[in-house]
Amino acid sequence: MKKDLCQILQTQTGLSPEDYHEAKRIKAEKGGAVSDILIKKKLLTESQYLEALSVFYDIPFMPKLPLEHIDGNISQYVPIHFLKKYMMAPLADTTPHPTSPETEEKSPQEAGGNPDNRRSYLIAVNDPGQLHPIDDLIRILNPSSFQLVLSTKDAILSAINIAYDMSRDSAEQLVQNMEDSSDATIISDDDTADLLDDTSDAPIIKLVNHIISQASKARASDIHVEPYQNSFKVRYRVDGILYDLLAPPKWIQAALISRIKVMAKMNIAEKRLPQDGRIEVKIGDQDIDVRVSTLPTAFGERVVLRLLNKSASFLTLTDLGIVPKQLQLIKDLITSPNGIILVTGPTGSGKTTTLYAVLSTINTPDINIITIEDPIEYQIPGISQIQVNHKIDLTFARGLRSIVRQDPDVILVGEIRDHETAEIAVQSALTGHLVFSTLHTNDSASAITRLVDIGVEPFLIASSVIAVAAQRLVRVLCKECKEVYTPDEMALKSIGASPEQIKNAVVYRAKGCPKCFHTGYKGRMAILEMMIMSEGLKSLILKTYDSNQIKAEALKSASMTTLRQDGILKVLSGLTTVEEVIRVTQR
């Protein structure tokens, strides 16, 4: 005798009949699926529920779908909204299965599906109880045979998004279509929509959507739209390096830039002044926040779009690639009761990401953390974040002055730019607050020189600053294609590596493969220079603020590891290359 689902769940997961019937009662009263109610109450996981359904319906459970068999052509016959609504994903099946009676009895024309689509399919579903949608999908596809499998919502959504992304025209094809039709329609969007769902026929809309979605797929941080005298270029920045994406004809420039400005709710008539805007888009299951900046140049407006993936999880200190010795040092510093900790480096060196990782580490209910930023890049639960607004004169200094009256334990100031902000930050540190901030300097010793240059007295710096960290980002070697080699002595000498250090080490170089877009690198990690304010350094700062003397003292008394030295450790650990360390630390 076949067991019912309640019995199977009880046997496989230990779920009590009372909990199961309570979930059914909630479903009857408020709607929703029994599985969602049980998962939300944390009585079981989605996989556990699907494993029970697998036994109940005698349908295989496949937590990982064969994404290499995705059929990009399904977008021609099946609307993406239909598949997402009912959580179904058809994949090309390479294993033979018995022909289903329905497809045997009916001809392709009678079945009402695609007459040329006589192939076998693996159809992943999340709820096999939805018989009508499954029947409709089979009727549309008209397969020669099919097999149903159960899979998780995330796996099904990924398969759907990949299939519909594959079906999109290339950027070059979209440009060619625009040249053929000379149609450059601009349509306004008021709602945040999934770019993969956009079925607009306007070529310029397709092109902009394609540029943003492809940049996101390539893990790009920025998209550059650059006009020149007789040409027009679209580039994107991946892991800190700019790559050419597209070189459309010059006549598309005005329409493409206007389309971006419409999406960002900018004034499309104003082309003489810089403007800033923002776009919120969805690409599959990812929420992307796009910051848009325009700048008038001699040959038209230049546009930069910065992509921030709000769906990505926050990085922790261990994710940044910090060596254990420095990691322990940072953990000790960030639990200090007061003082200023500065992170320095050029734009795009990951300073804000490091500070967010620090705040996430110390963010507990018993600590009051307030930040003032320009802009707020990510919202952190449990932390009060203030956005600088120059239009209403809400500056770093004015905001910081108000923050100290809010009884904070920890304060993050996005950047110290002027004397007033620096002075309030120092006073806050001296009155029992732990202050984090950033400065734009080349190394940790130069931060002291910069503070004195802003107008902070040396004795206040010595009393308040407890550490300065200089940071750079190096690209991480792709694990799939990195190859061992023996670097020449000149290259090793250029980064300061000694023969003893490389004697038993294995050094790698970048090669390139499809998984890393043939760059040889995938992702980035931090190299750090930590300068702890020792007694010797404090005494020296009272006498001089020459960065060279400060650095020499830090290397001697505080045993500081320089950026190059930390880079060498990353090279010898097989994480990055000699060329990368030279690139980001060259003077």
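Predicted model: local features only at pLDDT ≥ 70, side-chain atom pairs only at ≥ 80, totals over all residues.
View 1. Within H21 itself, which spans residues 535–543, the buried positions are Leu-537, Leu-540 and Ile-541. These buried residues line one face of the helix, because they fall within an arc of 100° when H21 is seen down its axis. Glu-535, Leu-542 and Lys-543, by contrast, are exposed on the other side of H21.

**View 2. Packing of helix H17 against helix H22.** The axes of H17 and H22 lie 8 Å apart and the two helices pack at an angle of about 140°, so that H17 and H22 are oblique to each other. The crossing in which H17 passes H22 is right-handed. Ala-445, Ser-446, Ile-448 and Thr-449 of H17 make the contact with Ser-547, Ile-550 and Lys-551 of H22, a set that comprises three nonpolar, three polar and one charged residues.

**View 3. Crossing of helices H11 and H12.** Helix H11 (residues 203–217) and helix H12 (residues 253–263) have axes that come within 10 Å and cross at roughly 70°; H11 and H12 are therefore roughly perpendicular to each other. From H11, the contact involves Ile-204, Ile-205, Leu-207, Val-208, Asn-209, Ile-211 and Ile-212, while H12 contributes Ala-255, Leu-256, Arg-259, Ile-260 and Met-263. Sorted by class, the residues of this contact between H11 and H12 are 10 nonpolar, one polar and one charged.

Definitions and conventions:
Residues numbered from 1 in each chain as written. Heavy atoms only, no water. Axes fitted to C-alpha atoms, helices over the stretch in contact; angles between N-to-C directions. Helix = DSSP H or I, 4+ residues; strand = E, 2+ residues; numbered from the N terminus. Parallel < 35°, antiparallel > 145°, perpendicular 65-115°, else oblique. Contact = heavy atoms within 4.5 Å. Nonpolar A, V, L, I, M, F, W, Y, C, P; charged D, E, K, R; others polar. Buried < 20%, exposed > 50% of the residue type's maximum accessible area, 1.4 Å probe, protein only. Arc of directions from axis to C-beta. Left-handed = near helix turned anticlockwise from the far one by under 90°.
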